[in-house]
Each structure stands twice: as structure tokens, then as C-alpha cells.
Amino acid sequence: MHKETICVQSGTYHDAVTRGVNTPIFTSSAYEYLDREDVPYPRYFNTPNQGAVIHKLCELEGAEGGVLFSSGMAAMSTTILAFAGAGDHVVMLDALYGGTHAFATDMFGRLGIGYSFAYTSADAVASAVTPATKVIVIESPTNPLLGVIDIQRVARIGKERGIVTVIDNTFATPVNQRPIALGINVVVHSGTKYLGGHSDLCCGVAVSSGLHAERIRHAARHLGGSLNASTCYLLERSLKTLAIRVERQTQNAARIAVYLAGHEAIRNVNYPGLPQSGGHEIARIQMTGFGAMLSFELDDKRIAPALFLRRLKLIRPAVSLGGVETTICAPAETSHVKISREERHRIGITDALLRLSVGIENVDDLLADLSQAMDGK
Ligand SMILES: *Cc1c(COP(=O)(O)O)cnc(C)c1O
């Protein structure tokens, strides 16, 4: 089946009593246990509402099994702890989502887990691997500079050395990138972003081959980050429009990237769809669309970033991303505020860098808003 059809049809729980076309919301946290083996319980990650969503997501990502979580960080932390313990080592990209980066630096030491950060390149990942490495965690495209890493090469490094490979696929979504087909073991999402897509829910997911999913579910039962039935239902409803939302968002982003790249008040634009962008060649091979996230650097001699943000009328300065509405943020003030200014500049996050999460509005209205904010008219 095609992704649009999977989004709408897969996993729906058909209720024999009412014959409604949607999955009912099953609120029970207690289920009868006589004459059955797999008794549902929310923290066992096996309720009908959890099952309906996981089924859909597994088909979208080409996975055999998965676990739905109450946040993206619950999905990521549980996945890492399922495969790494005291004495083990984890290789991570230095450009990983800030929360994942902080999870390692704050907690791995106490847990006895060693770690190294690598640049966004498969060679850097290969040289960071040690005999104790059990997990490699990557992200592509990265936040906020939209760096791209060769996913197939990372998967091969993992396979050759028996290391579990994990990718955070939040930015691309399965609509634009399916890492399991490229050889990656586990795909993690912050469902709070595109999967939910309406900036009104918080959830996460990890999907993989059957064996890896079982390990993750086992760890998840201890750590307990399960998702409630009502939010499962909201997510299931959101996923029905995932493909058409992300396709429109991707088209809009491509138009905006070209417009910004040609504007004299912009120093540079980071978007893997632009031929001049560093990751374009690899992105063309491993992505079916270039996504709806982009970042750009204002020429702050022409316009101060703070003034630009205040002049925007339609596009809202907001944290988070992936909603149907277009939002913008300055990573130096939001996601990367805890990193020193020197360190931010070293990795390319200047005070004039802005990150845009492109929505499904009419692109001409978005272009008009960006234009009036830049030119002051
Ligand atoms: C937001 C985000 C996360 C964390 O997800 P939460 O749902 O906020 O816990 C992880 N990875 C990426 C790329 C994100 O954007």
C-alpha cells in the first residue's frame, strides 16, 4: 500500500458492536484476565489504542514492531537504556537534539555508560566507535543546521561491528525518509512534532525489527513512559493526514528556501533541497522529499533578528516544530540557549540564525509575510 493509504487505513480497530469506522477510545486500565494470554495494561504497551497507532507507524516506517511513548525523550532514553548499560559505550552525533545531548552529558556518567560525540559524517562516526560501543545514535537532517549524514554507511558500520543503530527521524518523517529500508535498526520520533502535527499533543515512538522492539518494550515496562488512550486516539487521527500534510509542507519549504536564498538580506540558507547545500547529494539518495524544516542567517547589518521576528504578522515565533502552522525561532535563544556563545559560534549557530518550521498555509501568504518583515513594508 502507498503511504497515503497506510496513513488513513492501517491499524484501525474495527469495533464489531457499533461498526464505527474509527477506533473507539478504550479507557480501561483494568482488563479481565481469565482465558487469555496477553492481558492489556497501559504500562505493558499493549492496549487497543496503543496497538492501533503502533500498527500504522510500523507500516509507515517498514518496521516489524514498536512502542508508543508519552514523549520523544521517553522513546529515546528508553531505547538507549534498552541496549546500553554500565561499561558500554554510545556514539552520538554532536548535532543531536539538545535533549538527547543533555541526557548523555547529565546522566550517562552516573549510569557508567561511556560516550563520544561525532561530527555529522559517517567517517567521524566510524572513528568514534570503540570495542565497547553498543549503540550509535544519529539524526538526519540535523537541528538547526539541517546537516545530512549518509544513513546507509552508518547502518553498515553498525552491522559490521554488531552495534545497534538508532536514528531520530523526527525532522524527515517516514513520508520523506524510511531509515529501516536503509539498514538502520531502530527509528525514534518525537511524535509531538510532525506525527501529531497540530501542536496540541506530546508523545514519542520507537519502531524496529521484531527483536529490537521486544528489547525496547522490556525496558519500557520498567521505565514506564506509556501513552494514555485519549492521546493515542488524537495521534491516530492526526496520522491520517500525515502524508498530505508533510507533502504540502515540503513543497512550501522548497519554495521558501529558493526565495530566501535569492534575497539580499539573507547570508545563507540551510535546506537539503538546495543544490548548493552541503548535504544535497546524499539527501537526494536517501530522502524522497527534503522536508519542511530550514534555517537561514539574516544579514544583521541590514536587519536585526529581533526586529525581524517582531515584524512577522502570520509566522509566529514559537518553540517546537512540525505543526500545520508556520513557526520560527532563534536557536541561540531557545534550543541552544544553554550552550556558551563561543561554542554556538563554533558549531555554526550564530545569533542571526533563524529556524523555520513551514506549515500548510498558502505559500504566497508566507512569502508575503517574510518579505514585509525583511523589507519593512
Ligand atoms: C522535540 C524533539 C525531541 C524530543 O521530543 P519530546 O516529545 O519533546 O520529548 C527529540 N528529537 C527531536 C529531533 C525533536 O525535535
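This is a predicted model: local features need pLDDT of at least 70, side-chain atom pairs count only at pLDDT 80 or more; totals for chains, interfaces and linings use all residues.
Helix H6 spans residues 151–161. Its buried residues are Ile-151, Val-154, Ala-155, Ile-157 and Gly-158. Viewed down the axis of H6, these residues fall within an arc of 155°, so they line one face of the helix. Lys-159 and Glu-160 lie on the other side of H6, and both are exposed. The buried residues pack against four elements: helix H5 (122–128), strand S4 (133–139), strand S5 (164–168) and helix H11 (280–286).

Both ends of H6 can be described. After the helix comes Gly-162, which has a positive phi, near 65°.

Gln-286 is part of helix H11, one of the elements against which the buried residues of H6 pack. The relative accessibility of Gln-286 is 8%. Buried means under 20%, so Gln-286 counts as buried. A polar atom of the Gln-286 side chain lies 2.7 Å from the backbone oxygen of Ile-149.

Phe-45 sits in the loop between helix H1 (3–9) and helix H2 (48–61). Its relative accessible area is 7%, so Phe-45 is buried. Phe-45 and Ser-226 are 181 residues apart in sequence, yet their C-alpha atoms are 6.5 Å apart in space. The two residues are in contact. Leaving aside neighbours within four places in sequence, Phe-45 also contacts Gln-50, Val-67, Leu-68 and Phe-69. Further contacts of Phe-45 are Arg-217, Ala-220, Arg-221 and Gly-225.

The largest pocket holds about 580 Å³ of space. It is lined by 26 residues. Closest to the centre of the pocket are Asp-94, His-101, His-336, Ile-339 and Ile-347. Helix H4 (98–111) and helix H13 (341–346) each supply at least two lining residues. H4 gives the largest share of the lining, with six residues. By type, the lining has ten nonpolar, eleven polar and five charged residues.

Methods: Residues are numbered from 1 along each chain as its sequence is written. Side-chain values use heavy atoms; hydrogens and water are left out. Buried means under 20% relative accessible area, exposed over 50%, partly exposed in between (1.4 Å probe, protein chains only). The arc is that of the directions from the helix axis to the C-beta atoms. Contact means heavy atoms within 4.5 Å. A polar contact is a pair of N or O atoms within 3.5 Å; within protein, one must be able to donate a hydrogen and the other to accept it, and residues adjacent in sequence count only if both atoms are side-chain atoms. On a 1 Å grid over the protein atoms alone, a cavity is a set of points where a 1.4 Å probe fits but cannot get out, and a pocket is an open set with protein on both sides within 12 Å along at least five of seven lines; lining residues have an atom within 4 Å of a point. Grid points are joined across faces, edges and corners, and a volume is the space filled by probe spheres set on the points. Ala, Val, Leu, Ile, Met, Phe, Trp, Tyr, Cys and Pro count as nonpolar, Asp, Glu, Lys and Arg as charged, and the others, Gly among them, as polar.
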